[in-house]
Amino acid sequence: MAKSPEAFRTISEVAAELDVQQHVLRFWESKFPEIKPLKRGGGRRYYRPEDVALLQRIRHLLYEEKYTIKGVQQMFRDQGSAARKAPISDSLSVLQRRAIEDARGELIELRKSLLALTTGD
């Protein structure tokens, strides 16, 4: 059974969703004070939906947009909360993005095949 979008996530769930190692999430916590997971007994982390969205934004900026950690920190300082809010397209999980990219590739190949049929090539 899938969790509700409002449910808290463990570090392993968030790491899997973002396709990063757990130590990367802990490192980002040390660099971005805006990330504030709830910590329970034994130091277990539970991420709120807004933490996950912020982590998705940070991942996008670092991995897709190729910002440095210092660059993202500066952006957050300069632009405030607006920079920390991810557009809907940035909030897609890695798996969702891959599925969309795969579907796009299949559509491009299908288009090429159809064009070849109509032009007689």
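Among contacts in the protein chain between residues at least 6 apart in sequence, what percentage join residues at least 24 apart? Please then examine helix α2: which of its residues are buried, and against which elements do they pack?

Guide: The structure is a predicted model, in which local features need pLDDT of at least 70 and side-chain atom pairs count only at pLDDT 80 or more, whereas totals for chains, interfaces and linings use all residues. Residues are numbered from 1 along each chain as its sequence is written, and side-chain values use heavy atoms, with hydrogens and water left out.

Of the contacts (heavy atoms within 4.5 Å) in the protein chain between residues at least 6 apart in sequence, 53% join residues at least 24 apart. The protein chain contains six helices and three strands, both being DSSP runs numbered from the N terminus (helices H or I, at least four residues; strands E, at least two). Read from the N terminus, the order of the elements is β-α-α-β-β-α-α-α-α. Of the 121 residues in the protein chain, 30% are buried; here buried means under 20% relative accessible area, exposed over 50% and partly exposed in between (1.4 Å probe, protein chains only).

Helix α2 spans residues 22-31, and its buried residues are Val24, Leu25, Trp28 and Glu29. These four lie on the same side of α2 because they cover an arc of only 145° around the axis, the arc being that of the directions from the helix axis to the C-beta atoms. The elements packed against the buried residues of α2 are the helices α1 (11-18), α3 (49-64) and α4 (69-79), together with the strands β2 (38-39) and β3 (45-47).

A salt bridge here is a side-chain nitrogen of Lys or Arg within 4 Å of a carboxyl oxygen of Asp or Glu. In general, side chains of opposite charge can pair when their charged atoms come close. The Glu29–Arg45 pair links distant parts of the chain, helix α2 and strand β3, across 16 residues. Arg45 is likewise buried, with a relative accessible area of 18%.

The strand that carries Arg45 belongs to an open sheet of three strands in the order β1-β3-β2, with antiparallel pairing; two strands pair if DSSP finds at least two bridges between them. In this sheet β1 (9-10) and β2 are the edge strands, each with a single partner, so one side of each has no neighbour in the sheet. Two bridges join β1 to β3, and Thr10 has Tyr46 in β3 as its bridge partner.

Arg9 lies in strand β1 and is buried, at 15% relative accessible area. Leaving aside residues up to four places away in sequence, Arg9 touches several residues, including Arg45, Tyr46, Tyr47, Glu17 and Val52. Arg9 and Val52 are 43 residues apart along the chain, yet their C-alpha atoms are separated by 8.2 Å.

Another joins Glu64 to Arg59, with the closest N and O atoms 3.4 Å apart; Glu64 is partly exposed at 41%, whereas Arg59 is buried at 8% relative accessibility. A further salt bridge connects Glu109 with Lys112, at 3.6 Å between the closest N and O atoms. Glu109 and Lys112 are three residues apart in helix α6, which separates them by about one helical turn.
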